[in-house]
Amino acid sequence: MAQAATPTITQNILRDGLILPRTPDPAAMVIFGASGDLTARKLMPALYNLALNRYLPSGFSVIGVADTALTEDEFRAHMEQAVQKFSRSQPVDRAVWQSLAEGISYVRMPFDDAAGYGRLAAELDRLDRERGTNGNRVFYLATAPQFFSVIIDRLGAAGIAKAGEGWKRVVIEKPFGNDLKSAQALNQAIHAVFAEPQIYRIDHYLGKETVQNVLVFRFANGIFEPIWNRRYVDHVQITVAEDIGIERRGKYYESSGALRDIFQNHLMQLLSIAAMEAPPNFDADSVRDEKVKVLKSIHPIDVANDVVRGQYGPGWVGGQQVPGYRQEVNVSPASTTETFVAVRLKIDNWRWADTPFYLRTGKRLPSRASEIAIQFKNPPHLPFAKTAVQELTPNVLVMRIQPHEGASLKIAAKIPGPVMRLRTVNMDFFYGSSFMVESPDAYERLVLDCMLGDATLFAREDEVERAWGLVDRIEAGWASQPPPAFPNYAAGTWGPPEVDALIERDGRRWRRP
Amino acid sequence: MSTDHTELSARTFVDVHDIQEELDQVRWGLHADGEGSEAAQHAAAEARASVCNLIAVVSNEPELGEVMSVLDRLSVTNPSRTLILLAQHTREADKLEAEVSAQERTESGHRVSTERVILHAHGEPARHLASLATPLLIPDLPVILWWPGRPQFDNPLFDDLCELADRLVVDTDEGFDDSDLARLLEVARRNKAQASIGDLNWARLIAWRHVAAQFFDMPGMLARLAHIHGVSIFHGSDGQTAQARLLGGWIRSRMARVGIDVPLEFRPEDSLEHGVHRFLIYTGGDEGPARFSMSRLRGGRLSTQIRLGEQELAERTVRLESRATEELLGIELTLPGHDVLFEEALAAALR
Ligand SMILES: NC(=O)c1ccc[n+]([C@@H]2O[C@H](COP(=O)([O-])OP(=O)(O)OC[C@H]3O[C@@H](n4cnc5c(N)ncnc54)[C@H](OP(=O)(O)O)[C@@H]3O)[C@@H](O)[C@H]2O)c1
C-alpha cells in the first residue's frame, strides 16, 4: 500500500492533558545586578526550582551582568552557593544545577559603559547560535532604581532591545519611581525602547498564591459577589502589619518611608483586588483594566482629616526590647520619615459609594498580619430580646494573606441551653492550597509568567502612575502641615493615638488582626 | 514546621447507627466532654474541611498497616472521611466489626482532621461491605475507591464499590499483566460506569510525557513530529511491563488522533531495574532524521537530548520525581472526571 500523505500538525498534541499549556520558548535572561542580593536570594533559586520542575526550556541561558571582576567559573560557583543557601527545595540536585549552569555566563561591565553593551550583544549572538535562544530575551533589572533608565537607554542605543527575530521583554524591580513625576519619567524612558506589552513591573505580592486566592475566592464562588457592595458592607479594613523594624535597610528606608514602601504598591494592590469588578476573563489587560478603574474611582483624599502618619519610638515587641526608628543604623536622629500610615478612602462608584475603606500599614506593630476584612452591616431588625444579644457583633469576613493564609467568617450562634442567648463565633477556613502543601515562591511564578508573555500579575503603567498620584497628594498635604512630632507611637503598639480617632469618629473601630 | 498529631479516640462497634453516631461525635470533637461543656459549645460553630470520601480495600493485616500509614500521610493534604475495608470473604465464620477513630493534626497553625472507619469482615458479610459503606459517607463529596494491589475483578464487592465510587484508583505497577489491563479498560468503558479510572502508574509517567512534549514546543520541532516513524522503550526485564506499555500506548494514541500510526518497540533489558529507563522517538521526513531521547538517571533525574542528523543539541537534566504513594494518590484526587487520555493510552497499549 502506498504511504498516505503525511498529515500536518498545527499544535503539539503530546501536550494534551498536561497542566502547563506550554513551555516558554528557549530564551536568554540577562540579569543586571547579578552579583547582588536579590539575584542570590530570589532569582537564581527561582530559576533553579523552575529548571528542576521542568518548566524551563532546553537552551535556556542566563547572562549575569555586574561590575565585580568575576570569571565565569567564579560567577557560577557564587550562584551555586546562593542556590544551596536559599533554594526552597533541598538538597540541591547537582546534575540539574550543572545542566542549568552550562547556560550561565557572565559579562563584567559598569552599567553606563557603551562598549560593554557591545560585548553583551556578542554574547547574546553566541547563545542564539550555540544554544538556540533565537533572539528571545528577558532583560531583568535587579539593580538599584537609579540604574533603570541608564541600562534601558544603553540597551536601546546598542540595538540589543530591538534587533532581529524573537521577543524582548524587560522586568523592572520595585521601587518604580518615587513620585508621580519620576515614575512618569521612568515610563517615558522605558517606552523609548520598549512598548508597554514588553514591560513587566514586579510587585512580588501579586505572585503570592494567597493574593491570587483572593481573586478565586471572590470570582469563582457565586455566593459572595451579591453581597459584596454598599448595601451589605459597612466598611472594609485592609492591614499590612509588620512586627519587624527596618533591619539594615536604614539608608533605603530613609528615602522611602511606609507610604512609598508599602502603601503605594502592596496596599494599593490589595485594595484593587478587594474592590474591583469581575473581569470578563483572566488575561492581563482585562484584569488590569478593572484594577485601574478602582484606583481611578478613589475620591480625592483630604489629607488633614483622612491620613495619619507615625514613627515608632523604643518599645517592646514580642517580649523583646527594641530601639526606636531614630536609633536604627543609617537613620538620622532627627528623621521625619514615617514608619506608619493609615488612610481613610472612599471609592466613588455604584458598588462602593459611601462605604469607607480603612487602610493601614506600619513597622514594629504588635504582630505580623496582612489581611482584608469586610465588615457587614447589622441585620435590619433583630427578633431577639435585648438581653439575648448583648455580645453580638456584625458579621466580618476576613481574607488573610499572611501569616496563616485563609478566611474566617464571624457569625452569630445560639449558646446551647434552655434560654435564648446569642454570641459571636468565628469560623475559620483555610483555602485548598494551604492544606499544608508547599507553595512555590512568588518569584518562580512571576519569572515563568514573564517568559510565557503573561503580564496579568505585573503592574501596568497607568496602575503605577495612579498609585503614585495618590502618594503625591498625601505628600503634598504633609508638606503643608507643620513637621510631625515624631516618634509618636511606641514599638509594639498599633500606631499613634490619632489612628483610633480616624476611624472612631465614624463610629467604628479597628480590628485586632 | 512542627507537626502535632493526636489520635482522638478509637472504639469498636458493629451496628451502623452506632458507627454513624460515633462518627458525628468524633467529627465535632464532642467526645470526651459532657453536654454543654465549653468545648462542645465551641465545636458547634466550627468549620471542618473535608475534600472527599476515600474507600480503600485490603485483604490482609499487613496490607492494612501499610494502607493506614499511607492514608495517614495523605490526610495532611487531603482531609477526608476514610473507610478501610478489610474484606476476607474466604475466611470461615461470618464476622463484622468496625473501628472508628479520628486524627487531628496541627501544622503551622492549621488544623486538619480526618475520621477513619476500619470495617473488618469475614465470610458472607465481606461480600456485602458496600451496603455498610454507603451510609457512612459524607454527602455531596466525591467518593474515591482505592484498590491497592490487583483488584479482584470477579468479586461482587468490586462491582458494588465501583458503582458507588466516582473514581477507582489502582496501581498497574502492582503486577498488572495484559489481561488485567484489558479488564481495567473494560471497567472504564462499562456503560453505566460513572467511576473514572486513575492509575498511580500513569501519574508516574507525567514527567516522561512532559519532557517528550517539550521537545516539540521548541521552534521548528513540531513539523518533525508529523514524520515520527517509531519509538523505542527500554525497560527492566522483571516481567512488569505495564508502565512501558502505557507510555507506548500514550504516544501511539496521541499520534493516532492525527492519523499517524506509530510502531512501538519494547526492549526489556536484564541490566535494567524495574520500570521504564529510556524512551526514544525517531523522526524523519524532509527535515532529515532526528532522534529525541529521554533517559532515567540515578538519583531521580531525567536527561534529555536531541540528535539532528549527526549533530547533538543541548542536553538538559531535570527532576524525575519518585513520588510516594500518598503523593500519587493526592494527584489522583485532584483530577476531575474521566481521564480520556489514560483510557485511550490503555486501549492503544493493548492493540
Ligand atoms: N534584595 C531583595 O531581597 C529585594 C527584594 C525586593 C526588591 N528588591 C529590589 O531589587 C533591586 C536590587 O536589589 P539588591 O538588594 O539585589 O541590590 P544589591 O545587592 O545592592 O545589588 C546591586 C547589584 O547592582 C550591581 N551594580 C551596582 N552598581 C553598578 C554599576 N554602576 N555597574 C554595574 N553593576 C552595578 C552590583 O554589582 P557589583 O557590586 O558587582 O558592581 C550588584 O550586582 C532593587 O531595586 C531593590 O529594591 C530587592
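**Helix packing and local geometry**

Reply: The crossing of α5(A) and α6(A) is left-handed, a label that applies if the near helix is turned anticlockwise from the far one by less than a right angle, clockwise being right-handed. Helix α5 covers residues 148-157 of chain A and helix α6 covers residues 180-191, and their axes come within 9 Å and cross at roughly 15 degrees. That angle makes α5(A) roughly parallel to α6(A), given that angles under 35 degrees count as roughly parallel, over 145 as roughly antiparallel, 65 to 115 as roughly perpendicular, and the rest as oblique. The axes are lines fitted to C-alpha atoms, for helices over the stretch in contact, with angles running from 0 to 180 degrees between N-to-C directions; helices (H or I, at least four residues) and strands (E, at least two) are DSSP runs numbered from the N terminus.

Please keep in mind that this is a predicted model, in which local features need pLDDT of at least 70 and side-chain atom pairs count only at pLDDT 80 or more, while totals for chains, interfaces and linings use all residues. Residues are numbered from 1 along each chain as its sequence is written, chains are lettered from A and ligands numbered from 1 in the order in which they are written, and side-chain values use heavy atoms, with hydrogens and water left out.

Helix α7 (residues 209-219) of chain A packs with helix α9 (residues 257-275) of chain A at an angle of about 15 degrees, their axes being 9 Å apart. α7(A) and α9(A) are therefore roughly parallel to each other, and their crossing is right-handed.

Returning to helix α6, the loop between β5 (168-172) and α6 of chain A holds A:P175, which is joined to A:K174 by a cis peptide bond with omega of about 0 degrees. Another cis bond runs from A:F486 to A:P487, with omega near -10 degrees, and A:P487 is placed in the loop between α13 (461-479) and β18 (489-490) of chain A. As background, most residues other than glycine have a negative phi, and most peptide bonds are trans.

A:R54, which is not a glycine, has a positive phi of about 70 degrees and sits in the loop between α1 and β2 (61-66) of chain A. With a relative accessible area of 4%, A:R54 is buried, the classes being buried under 20% relative accessible area, exposed over 50% and partly exposed in between, with a 1.4 Å probe and protein chains only. Phi of A:R364 is near 55 degrees, again a positive value in a residue other than glycine; A:R364 belongs to the loop between β13 (357-362) and β14 of chain A, and its relative accessible area of 14% makes it buried.

In helix α1 (residues 37-52) of chain A, A:R41 and A:D37 lie 4 residues apart, about one turn of the helix, and form a salt bridge with the closest N and O atoms 3.5 Å apart. A:R41 counts as partly exposed at 43% relative accessibility, while A:D37, at 51%, counts as exposed.

Helix α4 (residues 114-131) of chain A contains A:E130 and A:R126, 4 residues apart, or about one turn; their salt bridge has its closest N and O atoms 2.7 Å apart, and A:R126 is partly exposed at 24%. A:D449 and A:R445, in helix α12 (residues 442-452) of chain A, are separated by about one helical turn because they are 4 residues apart, and they form a salt bridge with a closest N to O distance of 3.1 Å. Here A:D449 is buried, with a relative accessible area of 6%, and A:R445 is partly exposed at 29%. Salt bridges also link A:D285, A:R288, A:D289, A:R460 and A:D462 in a network.

Beyond strand β14, the loop between β14 (369-376) and β15 (396-402) of chain A holds A:F384, which counts as partly exposed at 34% relative accessibility. Together with A:L382 and A:M420, A:F384 forms a nonpolar surface patch with about 240 Å² of accessible area in total. Patches are made of residues with over 30% relative accessible area and no salt bridge, like charges being joined within 9 Å and nonpolar side chains (Val, Leu, Ile, Met, Phe, Trp, Tyr) within 5 Å; accessible areas come from the Shrake-Rupley method with a 1.4 Å probe, and for residues only the protein chains shown count as cover.

How values were computed
A salt bridge is a side-chain nitrogen of Lys or Arg within 4 Å of a carboxyl oxygen of Asp or Glu.
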